[in-house]
Amino acid sequence: MKANFQKAKQIEKTISAMYPNAGIQLNHTTPFELLVATILSAQCTDKRVNEITARLFPKYNTPEKLATLGEEGLIPLIRDCGLFNNKSKNIIQTSKILVSEYNSQVPKTREELENLPGVGRKTCNVILANAFDIPAFPVDTHVFRVAHRLALSDGNTPEKVEEDLCNLFEPEKWIKLHHQMIIHGRTLCKARKPLCTNCDLRDPCKYYLEQKEKKKLTKTY
Ligand code: SF4
């Protein structure tokens, strides 16, 4: 059964106390740098992306500079983040579009962002939330898993989970909460072996209660 508003509020209060300083882990100083870092982060760790952008951004941190570099020029600089051919193509095409259609600025609307190459719903939400402080709830693999374990959603797709989370929490909570769920998924609520004994969310956690029941049954038989 999915969590109700009261339970969601309890979860939000607890996770906020656990991770009061949660924030974005991708280093950036402008919306464009964040856009590039987020495109690079697909199937790659934030740590690796930060290593790559530390090399890249001192020389290439505007749409003009990256557009001039071109796909072939960018590939060697991002090769260690995986999917580099596609990422290079998307970053260069996006840079060219920003130069020609947006005066080299990153647009602030969902419709415009999602029309850029390499920008899907999650990336768009990351940019809206973290570059422009516009309420959005990006759902990555950690948010998806934590939402399911805490019964905040039973959705089968990131879009459905996002919808459930947005319905359960007030818009002013979305950005912080998504950072808190990501850090929780990385540090305690890990995919394979969640560290439940160290977690303050055991009480409202559906997954934890189910595991406890299973253990009881195993002991009985
Ligand atoms: S109790 Fe375990 S499964 Fe539940 S949220 Fe905490 S770490 Fe995740």
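This is a set of questions and answers on how terms are applied to a predicted model.

User: What makes up the secondary structure of the chain?
Analyst: The chain has 11 helices and 0 strands. From the N terminus on, the order reads α-α-α-α-α-α-α-α-α-α-α. Along its principal axes, the C-alpha trace spans about 65 × 35 × 30 Å. Buried residues are 37% of the 221 residues. Of the contacts with a separation of 6 or more, 61% join residues 24 or more positions apart.

User: Why is helix 4 called roughly antiparallel to helix 5?
Analyst: The axes of helix 4 (residues 63-78) and helix 5 (residues 84-101) cross at roughly 175°. The cut-off for roughly antiparallel is over 145 degrees. The crossing angle therefore makes helix 4 roughly antiparallel to helix 5. The two axes come within 8 Å.

User: Which residues of helix 4 and helix 5 make that contact, and how do they divide by type?
Analyst: Helix 4 contributes Pro63, Glu64, Leu66, Ala67, Gly70, Glu71, Leu74, Ile75 and Ile78. The residues from helix 5 include Phe84, Lys87, Ile91, Ile92, Ser95, Leu98 and Val99. By type, the contact holds 11 nonpolar, 4 polar and 5 charged residues.

User: What makes Gly73 buried, exposed or partly exposed?
Analyst: Gly73 has 13 C-beta neighbours inside 10 Å. Exposed needs 12 or fewer, buried needs 20 or more. Gly73 therefore counts as partly exposed. Gly73 sits in helix 4.

User: Why is the phi of Leu83 worth a remark?
Analyst: Most residues other than glycine have a negative phi. Leu83 is not a glycine, yet its phi is positive, near 50°. Leu83 is in the loop between helix 4 and helix 5.

User: How do you know whether Leu83 is buried, exposed or partly exposed?
Analyst: Count the other C-beta atoms within 10 Å: Leu83 has 14.

User: Why is helix 2 called roughly antiparallel to helix 7?
Analyst: The axes of helix 2 (residues 31-40) and helix 7 (residues 121-132) cross at roughly 150°. Over 145 degrees counts as roughly antiparallel. The label therefore applies to helix 2 and helix 7. Their axes come within 10 Å, and the crossing is right-handed.

User: Which residues of helix 2 and helix 7 make the contact?
Analyst: From helix 2 come Pro31, Leu34, Leu35, Thr38 and Ile39. From helix 7 come Thr123, Val126, Ile127, Asn130, Ala131 and Phe132. They divide into 8 nonpolar, 3 polar and no charged.

User: What makes helix 8 roughly perpendicular to helix 10?
Analyst: Helix 8 and helix 10 (residues 171-187) pack at an angle of about 85°. The roughly perpendicular range is 65 to 115 degrees. That angle therefore makes helix 8 roughly perpendicular to helix 10. The axes are 8 Å apart. In helix 8, His142, Val143, Arg145 and Val146 take part. Their partners in helix 10 are His178, Met181, Ile182, His184, Gly185 and Arg186. The contact divides into 4 nonpolar, 4 polar and 2 charged residues.

User: Which residues of helix 8 are buried, and what follows the helix?
Analyst: Val143, Phe144, Val146, Ala147 and Arg149 are the buried residues of helix 8 (residues 141-149). After helix 8 comes Ala151, with a positive phi near 60°.

User: How do you know whether Ala8 is buried or exposed?
Analyst: Ala8 has 22 C-beta neighbours inside 10 Å. Buried needs 20 or more. Ala8 therefore counts as buried. Ala8 is in helix 1 (residues 5-18). Leaving out residues up to four places away in sequence, Ala8 touches Ala3, Leu152, Leu168 and Phe169.

User: What surrounds the ligand?
Analyst: The ligand has 13 residues around it, the closest being Cys189, Pro194, Cys196, Cys199 and Cys205. This shell divides into 11 nonpolar, no polar and 2 charged residues.

Notes: Residues are numbered from 1 along each chain as its sequence is written. This is a predicted model: local features need pLDDT of at least 70, side-chain atom pairs count only at pLDDT 80 or more; totals for chains, interfaces and linings use all residues. Axes are lines fitted to C-alpha atoms, for helices over the stretch in contact, and angles run from 0 to 180 degrees between N-to-C directions. Helices (H or I, at least four residues) and strands (E, at least two) are DSSP runs, numbered from the N terminus. Angles under 35 degrees count as roughly parallel, over 145 as roughly antiparallel, 65 to 115 as roughly perpendicular and the rest as oblique. A crossing is left-handed if the near helix is turned anticlockwise from the far one by less than a right angle, and right-handed if clockwise. Two residues are in contact if their C-beta atoms, placed from the backbone, lie within 7 Å. Ala, Val, Leu, Ile, Met, Phe, Trp, Tyr, Cys and Pro count as nonpolar, Asp, Glu, Lys and Arg as charged, and the others, Gly among them, as polar. A residue is near a molecule or strand if its C-beta atom, placed from the backbone, lies within 6 Å of it.
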